[in-house]
Amino acid sequence: MSNRLAGQVAVVTGGTRGIGRSIAEALLDADMGVVICGREEAGVARSVKEMTETNAGRRMAGRACNVGRYEDVAAFFRFAIQSFGRLDVLVNNAGVGWFDPVDRITPEQWRQVIDTNLTGAFYCIREAAPLMRRQGGGSIINIGSLAGKNPMAGGAAYNASKFGLLGLSEAAMLDLRYENIRVSCIMPGSVATEFGSGTSREADGAPGVENRPRAYRADRRSLAGAAAANAGQPG
Ligand SMILES: NC(=O)c1ccc[n+]([C@@H]2O[C@H](COP(=O)([O-])OP(=O)(O)OC[C@H]3O[C@@H](n4cnc5c(N)ncnc54)[C@H](OP(=O)(O)O)[C@@H]3O)[C@@H](O)[C@H]2O)c1
């Protein structure tokens, strides 16, 4: 079977660990150049080094970027183009979760969730779309969540961000479809990662998720396979 992705270039936000890391590895396996970001330079450098070592000869770059800051995002996309000269796939994966009832979540927590999960995706699409347009097309994959369809108690900020991300995805799809830029939104249920560690509730599944059997949560590599297969679809 031909590999449509070979030689192409992908940006994966939040590619230092978890789902984003697995997607970056799957795209490296498909012989793509891959550029990742996370908020901390040291974490990005460590992840790039590890992925370069385990994917010998593959093309890999990374830079610190908080997707909730537009200046960071603009600099990150300039870096991606300087690194590999083109952009074919954007995976908007960076995400955070704070889980508390609507009258207890703080304005700062609310802002962080919306800025990262929703506004960050918009900033990245705004930078990526003109680059893809100039090349004649591309693919944008937003990592949503079942929380973008099913509200949960304690999920006001996270639900709002992921419902918003689905709306953004569908509107962007309509805006960009005739320019051969595909926009899709993958909406996983619970996936076994460190997501939400240190927040008031763990993970994507809301109250009670910590009591579920481990096997209930999907393996992040199977999700990465779905994302890579999506990226390789024709326009
Ligand atoms: N795990 C689940 O059950 C689940 C289910 C459905 C959907 N999702 C979604 O999947 C995505 C990835 O989740 P995950 O489980 O892999 O989480 P994770 O293990 O916590 O990884 C999150 C990644 O995002 C980065 N990140 C966070 N805030 C950022 C920011 N402002 N700018 C740039 N990078 C940032 C983190 O790096 P730094 O911390 O170094 O910045 C890290 O690389 C999220 O969008 C999440 O909502 C997760």
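This is a predicted model: local features need pLDDT of at least 70, side-chain atom pairs count only at pLDDT 80 or more; totals for chains, interfaces and linings use all residues.
## Overall fold

Residues are numbered from 1 along each chain as its sequence is written.

## Burial and contacts

The protein chain has 235 residues, and 46% of them count as buried (20 or more other C-beta atoms within 10 Å of the residue's own, with C-beta atoms placed from the backbone). Among contacts with a separation of 6 or more, 72% link residues 24 or more positions apart; a contact means that the C-beta atoms of two residues, placed from the backbone, lie within 7 Å.

## The sheet

Six strands form an open sheet in the order β3-β2-β1-β4-β5-β6, with parallel pairing. Its edge strands, β3 (60-64) and β6 (181-186), each pair on one side only; pairing requires at least two DSSP bridges between two strands. On average, neighbouring strands are turned by 15 degrees against each other, direction ignored. Here axes are lines fitted to C-alpha atoms, for helices over the stretch in contact, and angles run from 0 to 180 degrees between N-to-C directions.

## Around β2 and β3

Strand β2 (residues 33-38) runs parallel to β3, joined to it by five bridges. One of the residues to look for is Ile-36, whose bridge partner in β3 is Gly-62. Helix α2 (residues 41-54) packs on the sheet and touches both β2 and β3, its direction making about 170 degrees with that of β3.

How values were computed. A residue is buried if 20 or more other C-beta atoms lie within 10 Å of its own, exposed if 12 or fewer, and partly exposed in between; C-beta atoms are placed from the backbone. Helices (H or I, at least four residues) and strands (E, at least two) are DSSP runs, numbered from the N terminus.
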